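Here is a walk through a two-chain model, for anyone who likes to have the structure open while reading. Have a look first, and then we can go through it piece by piece.

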Amino acid sequence: MIRVELRKLLLRPRTWVSVFLLCLLPAIVAIFLHISRVGPRPGEGPAFLSAVLGNGALYPAAALGLVLPIFLPIAVAVVSGDAVAGEAASGTLRYLLIRPVSRTRLLVAKLISIGAYVFIAVVTVAATAYPVGISLLGTGEVVGTTTVSGTPLTTPQLILRTVLTVLYIGWSMLGVASVSLFLSTLTDSALAAALGGLAVLVTSTVLVALDAAASVRSYLPTRYWLSWVDLFRDPILWRDVERGVIVQAVYIAVLLGMAWANFATRDVTS
Amino acid sequence: MIVTRHLTKRFGRARVVDGIDLDVREGDRYGFLGPNGSGKTTTVRMLLGLVYATSGEIEVMGRRVPRHVRAALAEVGALVEAPAAYGHLSARANLDLVDAAGPSGPGVSRTNRTTRINEALEIVGLAGVGRQPVRQYSYGMRQRLGLAAALVRRPRLLVLDEPSNGLDPQGMREIRDLLLRLNAEGTTLFLSSHLLAEVDQLCNRVGILDRGRLVAQDDVTALRAATGRAVVRVSNPAFAARLLDGKIEERDGDRLVVSGLSVEEVTSLLVAGHVGVLEAVPERWTLEDAVLALTSHGSDRVGKPEPEEAR
């Protein structure tokens, strides 16, 4: 079943179109930076954009920072919202279930396929941003690769930290995915499930910025999203990254539990 | 093959299926009849473990559903309402994906998957389909693909919901012949339909559902029982009418419907009176009569409520 879900994911044109679009945004930004050489001032604008002007090797991290707030969550919410609801709407869900496939196994396979999508997306964005960054923004021979804190960074260190970033952002996106996957088991409308997931994120983002909601801030799903920047400090500032991992883990566990409880016991009438 | 005991399903306060006791035996061509909205599809979904019963028991292939639904469905092929497939994939890719999703069983393995898929496509008349995605198929082709999907695992029990939907008369005939052949080879058929003609031509046993209740379950021949009246065609209807004075209930040209007398009595009376008898048979209920007598209007007919005085 897992192999079947992965095949379905990879055979679907939508998967590759969305990944291509995700890679396109950082490329467009890089072209503008290349032409104008005007970056946001340090400390302003999306993370790292000021740093990459002098060094394209940091561009993968900057590219992830660009797609993280909006485009990546949208893509993930659409894919995971479609996971069960889309099959229900097209009627293929009932044919899978009477094949017979156990509902738990189907849900696990869906989850793994969403996980695969998240990592394909994140890794592809990072991987395509590297050549783009190097070719358009230079290798930073003048400045040298540095951390946000200003200390130099060797190439193995840079690779390790970029990999950690990919993992951290992938994990955060699984949080998004679990919201939409849960909603996807509630409704037969893939659109409703995807939008519902996004509504949760928007709400969370608004509350994070709201001082009046300070008491719940640390428990919001998007609170630690941007903490991956701390991976590029020297030394790495682990505190917020750890908290981010734990908060997402709780959301993922609870929502997947709810998704399973709902899906395993509900009537499939679509 | 299918046994239910007091199977009931409630959606909110509505009893969609109300205490039905189905009994489908091995080798049956069982027709599950009922007007629209009488609970046929909900029952089929419960048999397949898609919808959970509110109360009652279900046994499919000797195994309890939904508890052992995976074992129960291993040798069942089904078409539930409309067929469904992934539109961007070809027919073969669709069958391959769904087949790979489930467990293997007797005669069903990964190694013979391609053979089985080709066989199924051949049987339903889709052997020539190429790499064209299902999105571009006509409704009839999708229906055939749905049937192929039900047949890929060489099932011993076929549960089909309106299998001839979207097919032209030739296609319906073809599918009917196919189902009869499969049945002759040992496949039990459970056919849910509101098309009387289809069930009449195909089935040897029927269950009739009305507003969630099973109002009849019997052999088709038993439902087509004699009405107690005789039908005769005669050479001289006017004279025959005088001979059978008072016994004739309907008269249509040379065809007379006689009540109160057996076929033998009518014939000997007419022969004694020198009336030529072209045909004399006992009148039988048609399946349609039986069904209409046992069921009410479908739920899709929403008439005006009757005025209070009329009740």
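This is a predicted model: local features need pLDDT of at least 70, side-chain atom pairs count only at pLDDT 80 or more; totals for chains, interfaces and linings use all residues.

**Where the chains meet**

Let's start with the contact between the chains. Chain A puts in 22 residues and chain B puts in 21 residues. On the chain B side, the elements that supply two or more residues are α2 (69-72) and α3 (91-101). Of these, α3(B) gives the most, with four residues. What classes of residue does chain B bring to the side that touches chain A? That side is made up of 18 nonpolar, two polar and one charged residues.

**The nonpolar cores**

The largest nonpolar core has 152 residues. If you want to find the residues with the most contacts inside this core, go to Y59(A), A148(B), V159(B) and F190(B). Helix α7 (residues 103-137) of chain A provides the largest share, 14 residues.

Leaving out residues up to four places away in sequence, Y59(A) touches A30(A), V52(A), A129(A), Y130(A), V132(A), G133(A) and L137(A). Another core, of 10 residues, lies apart from the largest one, and A230(B), L244(B), V266(B) and V275(B) are among its members.

**Helix α5 of chain B**

A148(B), one of the residues with the most contacts in the largest core, is also among the buried residues of α5(B). Is α5(B) mostly covered or mostly open? Mostly covered, with 11 of its 13 residues buried. The buried ones include M141(B), R142(B), Q143(B) and R144(B), along with L145(B) and G146(B).

What do these buried residues pack against? In chain A, the partner is α6 (92-97). In chain B, the partners are β7 (76-79), α3, α4 (113-123), β8 (157-161) and α6 (169-184).

The loop between α4 and α5 of chain B holds G128(B). Why does G128(B) count as exposed? Because it has 7 C-beta neighbours inside 10 Å, and the cut-off for exposed is 12 or fewer. From C-alpha to C-alpha, G128(B) sits 9.9 Å from N118(B), with the two 10 residues apart in sequence.

**Strand β1 of chain B and its partners**

Now to strand β1 (residues 2-11) of chain B, which pairs with β5(B), β3(B) and β2(B). The table sets these pairings side by side, with one pair of opposite residues for each.

| β5(B), residues 55-60 | antiparallel | five | R5(B) and E57(B) |

**The four-stranded sheet of chain B**

Further along chain B there is an open sheet of four strands, in the order β13-β14-β12-β15, with antiparallel pairing. Which strands stand at the edges? They are β13 (248-252) and β15 (277-284), and each has a single partner strand, so one side of each has no neighbour in the sheet. From one strand to the next, the twist averages 20°.

Inside the sheet, β12 (residues 226-234) is joined to β14 (residues 255-258) by four bridges in the antiparallel sense. Along that pairing, V232(B) faces L256(B) as its opposite residue, and R233(B) stands opposite R255(B). β12(B) pairs with β15(B) as well, over six antiparallel bridges, and there A226(B) has R284(B) as its bridge partner.

Finally, helix α10 (residues 263-272) of chain B lies across β12, β14 and β15, running at about 160° to β15(B).

Notes:
Residues are numbered from 1 along each chain as its sequence is written. Chains are lettered from A and ligands numbered from 1 in the order in which they are written. Two residues are in contact if their C-beta atoms, placed from the backbone, lie within 7 Å. Ala, Val, Leu, Ile, Met, Phe, Trp, Tyr, Cys and Pro count as nonpolar, Asp, Glu, Lys and Arg as charged, and the others, Gly among them, as polar. A residue is buried if 20 or more other C-beta atoms lie within 10 Å of its own, exposed if 12 or fewer, and partly exposed in between; C-beta atoms are placed from the backbone. Two strands pair if DSSP finds at least two bridges between them. A nonpolar core is a set of buried Ala, Val, Leu, Ile, Met, Phe, Trp, Tyr and Cys residues joined through C-beta atoms within 7 Å. Axes are lines fitted to C-alpha atoms, for helices over the stretch in contact, and angles run from 0 to 180 degrees between N-to-C directions.
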